[in-house]
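Subject: A structure for you to look at

Hi there,

Here is the structure I promised to pass on to you. Have a look at it first, and then read on for what turned up in it.

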Amino acid sequence: FGDHTTYRVSGAYLIPISGGELKLRGAYGTGFRAPSLYEIAYNNGPWGNGVALDAEESDGYDLAVSWYGDSGLYLEAVYFDQTIDQEIYFDLVTSSGYLQGGDDSSSSGVELIASWPVLESLSLTGNYTYNDTENADGDTRSRRPEHQANLGVSWRGLEGRLSLGLNARLAREAQDTDGEPLDDYEVLDINASFELLKGLELYGRVENALDEDYVEVRNYNTSGAAAYAGVRYTF
């Protein structure tokens, strides 16, 4: 697919304010992705459509404002905009294999991020993303939730030897390649660790603790409730 040069420029400006610091920043960049060997081989295989793929090219920018408080509070708001030319996507509805959009695909939206040390031993983190997408045909891009959010709670006790964490994530308003909506879902994960001795740690986690039945790609399973435990030694 020949040579391609990409570039990125960015800048930031800091404004000291009583009680913290305000940061303004922005970035613009370009990208390039040749089709993978798998994508090429699938299209040329016995079940493929025989379509010859070209490379994707993209450009995008983001603008953000951040607040760093002396108390440890962190807040950030980001606006992003990305355009992809000739996006490669898999289509099993009208064609068996990978196709490319004849026009630009785009994603734009807002991301909000926060981190708050409520107490010396307790902290909250969270983020929310609104993503407005459009493919080359003017429809919503496949499998990109319009709303995504994460919320985390962590606690440390016993002089820092015990750590407990709770993380929740949710997705709303995504659709599959055929335009049918994917189910909304919420998933809860739990993790814990305990320092038995200096350098010796016992840890564990439970993923999808509420055994949520959800899918991100139709006909591809996701794990139900699953527990993991281990011992870690560092020296």
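**Aromatic pairs**

The count of aromatic pairs comes to 10. One of them joins Tyr42 and Tyr98: the ring centres are 6.0 Å apart and the planes stand at 90°, so this pair is edge-to-face. Please keep in mind as you read that the model is predicted.

Where do Tyr42 and Tyr98 lie? Tyr42 belongs to helix α1 (residues 37-44) and Tyr98 to strand β6 (residues 97-100), so their pairing ties together parts that are 56 residues apart in sequence. With 24% relative accessibility, Tyr42 is partly exposed, whereas Tyr98, at 14%, counts as buried because the cut-off for buried is under 20%.

Another pair is formed by Tyr61 and Tyr79, and this one is tilted, with 6.2 Å from centre to centre and 45° between the planes. Tyr61 sits in strand β3 (residues 56-69) and Tyr79 in strand β4 (residues 74-85), so the pair links parts that are 18 residues apart in sequence. Tyr61 has a relative accessible area of 33% and is partly exposed; Tyr79 is partly exposed too, with a relative accessible area of 33%.

Tyr42 and Tyr98 come up again in a cluster, where ring pairs link them with Tyr38 and Phe90.

**Arginines over rings**

Two tyrosine rings have an arginine over the face. Arg205 lies over Tyr228, at 4.2 Å from the ring centre. Arg232 lies over the face of Tyr203, and here the distance from the ring centre is 4.2 Å.

**The sheet**

Of its 10 residues, the number buried is 0, so β1 lies largely in the open. Its antiparallel pairing with strand β2 (residues 20-33) runs over 10 bridges, and Val9 has Tyr28 in β2 as its bridge partner. The hairpin of β1 and β2 has 2 residues between the strands, and Gly19 takes a positive phi near 95° there.

Elsewhere in the sheet, strand β8 (residues 122-134) and strand β9 (residues 147-157) are paired in the antiparallel sense over 9 bridges.

**A serine to look at**

Is Ser105 buried or exposed? Its relative accessibility is 2%, so Ser105 counts as buried. This serine is found in strand β7 (residues 104-116). The side chain of Ser105 makes a polar contact of 2.9 Å with the side chain of Glu87. Leaving aside neighbours within four places in sequence, Ser105 is in contact with Gln82, Thr83, Ile84, Glu87, Glu134, Asn135, Ala136 and Arg141.

Happy to go through any of this with you.

Best wishes

Conventions. Residues numbered from 1 in each chain as written. Predicted model: local features only at pLDDT ≥ 70, side-chain atom pairs only at ≥ 80, totals over all residues. Heavy atoms only, no water. Helix = DSSP H or I, 4+ residues; strand = E, 2+ residues; numbered from the N terminus. Buried < 20%, exposed > 50% of the residue type's maximum accessible area, 1.4 Å probe, protein only. Polar contact = N/O pair within 3.5 Å; in protein donor to acceptor, adjacent residues only side chain to side chain. Contact = heavy atoms within 4.5 Å. Phe/Tyr/Trp six-rings, centres within 6.5 Å; stacked < 30°, edge-to-face > 60°. Lys NZ or Arg CZ within 6 Å of the ring centre and 35° of its normal. Pairing = 2+ DSSP bridges.
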